[in-house]
Amino acid sequence: MIAATTNGFIIDVYGPYSGDIFIVDRGFRDVIPKLENNGYTARMPYFLDKNKKQLTFEQANKSRIVTKLRFVIEVVNGILKSKFRIFDHVWFNKSIPHLMQDFKIACAIYNSYFNRIESDKDNCDVIAAAMLRDITKPNLLQNLIDETNLLKKRKVFSTMNADTIPEFPILSWNNLYNIALGSYQIKQAVSYYGEHINTDGKYEIKVHNDTENIDFQKYKITIGRPLFIRVQLLSRHSKQIRYSAFILLDLNKTQKESVQHWYCQCYGRHLQDIREPATFLNNYFLNDHVALDSDESDQES
């Protein structure tokens, strides 16, 4: 196991010991029972429950924490495997006795000569506190959208422009960083925007026409001057699927505080039909391959 600081500095390589917590990805799902039976605690991003289209708010929040914790170790492991290629291959049995010692030497070299990871370096305390604070916080806007069936009510939204919403809040990079809990979503947003703008360079955003008749208090939402917007996004996995994202802002507030609630319809999906890559090549090479096998068989006999 690797113990590392948030900037990637390796403190020690040790264990594992009974009672340790394993932070793993979904690829370890089949070994979770074995880890737990041997006295370890395992934390892994959640899978969708049967017949569910989305993770619950608590499952999503806990999965995000697991992913955030894994990031540093994933980066460090990736660097070690790329720079010390011996750790990227299967070890011979006779080399196993000095495996840990070799790995510690590689980690010491990494600490001395490689750059530190700078993710969240100026915002780490704020982001960590926000993630822990909101881990059991329900998505109030999702409750409102589900109960009022807003996903199917398109007529209550009209196209937004600078004239209709002249007071749209201005958010700094730091505001966006803290809302998104890091830079990953912000970087993704650039490509999302590039895929959705039309030929005029515009991106259509919808705004709710009648927020005065929405009973926000019923859903425990306290809002001063609401601005309720909706956008549609193409799925990253299929061009045939669109998702709706909603943001509720308070125009009485400024910067980060103006963004009160948000909800996205998107959900995790599992591929049922996994195809072998480049199967079309069989049309060109399969017959020759069979003929070659036949020739070799004749020669051997």
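The buried residues of helix α5 (residues 140-148) are L140, L141, Q142, L144 and I145, where buried means under 20% relative accessible area, exposed over 50% and partly exposed in between, with a 1.4 Å probe and protein chains only. Helices (H or I, at least four residues) and strands (E, at least two) are DSSP runs numbered from the N terminus.

At the N-terminal end, α5 is capped by N139, which has a side-chain oxygen 3.3 Å from the backbone nitrogen of L141. A polar contact is a pair of N or O atoms within 3.5 Å; within protein, one must be able to donate a hydrogen and the other to accept it, and residues adjacent in sequence count only if both atoms are side-chain atoms. After α5 comes N149, with a positive phi near 60°.

## Basis of the model and overall content

This is a predicted model, in which local features need pLDDT of at least 70 and side-chain atom pairs count only at pLDDT 80 or more, while totals for chains, interfaces and linings use all residues. Residues are numbered from 1 along each chain as its sequence is written, and side-chain values use heavy atoms, with hydrogens and water left out.

The chain contains eight helices and nine strands. Of its 301 residues, 28% count as buried. Among contacts between residues at least 6 apart in sequence, 57% join residues at least 24 apart.

## Packing of α2 against α3

The axes of helix α2 (residues 57-83) and helix α3 (residues 99-113) come within 11 Å and cross at roughly 105°. Axes are lines fitted to C-alpha atoms, for helices over the stretch in contact, and angles run from 0 to 180 degrees between N-to-C directions. The two helices are therefore roughly perpendicular to each other, a class that covers angles of 65 to 115 degrees.

On the α2 side the contact is made by V76, I79 and L80, and on the α3 side by F103, A106, C107 and Y110. These residues divide into seven nonpolar, no polar and no charged. Ala, Val, Leu, Ile, Met, Phe, Trp, Tyr, Cys and Pro count as nonpolar, Asp, Glu, Lys and Arg as charged, and the others, Gly among them, as polar.

R116 is found in the loop between α3 and α4 (124-133) and is partly exposed, at 27% relative accessibility. Leaving aside neighbours within four places in sequence, R116 is in contact with N7, G8, F9, Y110 and N111. A polar atom of the R116 side chain lies 3.3 Å from the backbone oxygen of N111. R116 and V76 are 40 residues apart in sequence and 9.6 Å apart in space, C-alpha to C-alpha.

N178, in helix α6 (residues 173-180), counts as buried at 13% relative accessibility. Not counting residues up to four places away in sequence, N178 touches N123, V126, I127 and K256.

Most residues other than glycine have a negative phi, and most peptide bonds are trans. L181, in the loop between α6 and α7 (184-196), has a positive phi of about 60° although it is not a glycine; L181 is buried, with a relative accessible area of 19%. Q255, in the loop between β8 and β9, has a phi near 50° and is partly exposed, with a relative accessible area of 42%. The peptide bond from G15 to P16 is cis, with omega near 5°, and P16 lies in the loop between β2 (10-13) and β3 (21-23).

Notes
Contact = heavy atoms within 4.5 Å. Parallel < 35°, antiparallel > 145°, perpendicular 65-115°, else oblique.
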